[in-house]
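Please examine the sequence and the structure shown here before reading on. The explanation refers to both throughout.

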Amino acid sequence: MPVTLQTPPSAALSTAASSSSIRRRSFSLRSTPPSSLPFNFQRSFAQIRASSSSVNTASVTELDAVSAFSEIVPDTVIFDDFQRFPPTAATVSSSLLLGICGLPDTIFRNAVDMALADSECNGLENPDARLSCFVNKALVNVGSDMAKLVPGRVSTEVDARFAYDTDGIIRKVHDLLKLYNNSNVPPQRLLFKIPSTWQGIEAARLLESEGIQTHLTFVYRNYMMDWARNHSDDTEIESAKQRGEDPGLALVTKTYNYIHKYGHKSKLMAAAVRNKQDLFSLLGVDYIIAPLKVLQSLKESVASPDEKYSFVRRLSPQSAANYLFSDEELIKWDQTSLANAMGPAAVQLLAAGLDGYADQAKRVEDLFGKIWPPPNV
């Protein structure tokens with residue numbers, strides 16, 4: 001289950017899930033003090049808030065009930081799910097491009113074909129530069145089509161191979177933003193998904209200072225528990241287990257409380273939800289990306305007063321205000337302190353996530369090299 005924070009973090013927490021951020025099975029955390037970065041989320045998702053800690057479940061579906069506490073975002077990609085669960089936002093990634101190329105009849109295939117036929121890219125003599133141009137064009141073409149289908153933001157993945165290159169990330173985002181501008185997609189409709197390495201965090205801070213909005217990925221929750229089953233050398237995870245807490249849920253709770261207690265404008269998004277109980281344990285977090293099977297189950301289940309699960313808000317600004325942080329947790333982070341604070345789970349899962357994303361980016365380039373030029377070029 002991934003988390004995503006929108007605005008550059010003055011402090012960053014890192015641990016693992018798979019990734020919606022690895023594609024949509026991870027958490028991304030971002031936070032920025034209002035004084036240093038005026039991040040305005042602009043409600044690209046309709047925000048639904050509950051005024052009480054529980055709801056009357058007498059005559060609503062479970063989906064209605066949980067939507068009173070968190071914005072539920074359907075985890076739809078390119079299939080026929082738009083009508084059943086219309087997405088409010090979209091993510092464009094290497095994984096998505098691979099899926100589109102594997103489904104020739106999808107409505108987005110033409111966007112990829114048009115990228116491969118682009119005259120500017122075809123005019124480049126350097127093969128690597130040409131492939132990179134094709135990928136950028138394909139991401140933006142698909143993203144532009146997505147922007148016509150969803151009311152909220154379109155997030156575009158930044159190549160994970162730049163994860164440790166602040167300048168490279170910034171250049172890539174500027175290149176993508178220029179292409180979106182040429183496609184008449186305004187920056188207010190866009191986010192750029194950046195890995196939560198120190199260099200990625202710094203790139204996000206600098207981009208946000210330009211008014212370019214981003215979110216950080218690879219801050220994990222679900223896979224922390226999976227990791228903990230086979231390892232015992234992460235002190236923070238062990239401490240959470242000794243308190244009887246799910247280590248991942250403890251991370252989400254601490255992050256949410258930090259954002260809301262200190263008035264940051266970041267938003268926290270949880271992804272890679274595996275089942276309804278996962279979702280119920282996160283009620284109150286700003287956004288939850290839920291897979292279609294979970295949404296279908298929630299939609300088909302009528303919530304009654306004696307429902308097995310009580311629909312109680314787990315996270316709220318009120319509980320955040322009462323949360324106590326230690327002095328150590330409130331230090332001003334730098335690269336060294338962040339590296340020292342990252343436990344083995346965070347280090348290993350971040351590395352695995354980056355390797356997976358980098359491999360997908362390379363696979364897209366290899367595939368484009370094989371299918372280029374398309375028949376009409």
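The paragraphs below treat the disulfide, a pocket, and the pairing of strands in turn.

The structure is a predicted model, in which local features need pLDDT of at least 70 and side-chain atom pairs count only at pLDDT 80 or more, while totals for chains, interfaces and linings use all residues. Residues are numbered from 1 along each chain as its sequence is written, and side-chain values use heavy atoms, with hydrogens and water left out.

A disulfide is defined here as a pair of cysteine sulfur atoms within 2.5 Å, and by this rule the count is one. The bond joins Cys 121 to Cys 133, whose sulfur atoms lie 2.0 Å apart. Because the torsion about the S-S bond of Cys 121 and Cys 133 is about -70°, the disulfide is left-handed. The pair links distant parts of the chain, twelve residues apart: Cys 121 belongs to helix α4 (residues 119–122) and Cys 133 to helix α5 (residues 127–149). Helices (H or I, at least four residues) and strands (E, at least two) are DSSP runs, numbered from the N terminus. Both Cys 121 and Cys 133 are buried; the term means under 20% relative accessible area, with exposed meaning over 50% and partly exposed lying in between (1.4 Å probe, protein chains only). Cys 101 is also buried, because its relative accessible area is 15%.

Cys 133 leads on to a pocket. Which residues are the closest to the centre of the second largest pocket? This pocket has a volume of about 320 Å³, and of the 15 residues that line it, Ser 132, Cys 133, Asn 136, Asp 175 and Leu 179 are the closest to its centre. On a 1 Å grid over the protein atoms alone, a pocket is an open set of points where a 1.4 Å probe fits, with protein on both sides within 12 Å along at least five of seven lines, and lining residues have an atom within 4 Å of a point. Grid points are joined across faces, edges and corners, and a volume is the space filled by probe spheres set on the points. Helices α5 and α6 (166–182) each supply at least two residues of the lining, and the largest share, seven residues, comes from α6. The lining comprises five nonpolar, four polar and six charged residues; Ala, Val, Leu, Ile, Met, Phe, Trp, Tyr, Cys and Pro count as nonpolar, Asp, Glu, Lys and Arg as charged, and the others, Gly among them, as polar.

Helix α6 also contains Gly 168, which counts as buried because its relative accessibility is 2%.

Strand β5 (residues 154–157) directs Val 154 and Thr 156 one way and Ser 155 and Glu 157 the other way, and all are buried. In a regular strand the side chains alternate between the two faces of the sheet. Strand β4 (residues 90–92) pairs with β5 in the parallel sense over three bridges; two strands pair if DSSP finds at least two bridges between them. Val 92 stands opposite Thr 156 in β5. Strand β6 (residues 190–195) pairs with β5, likewise in the parallel sense, over four bridges, and Lys 193 in β6 is the bridge partner of Glu 157. The chain crosses from β5 through α6 to β6 in a right-handed β-α-β crossover: with the strands pointing away from the viewer, the path from the first strand over the helix to the second runs clockwise.
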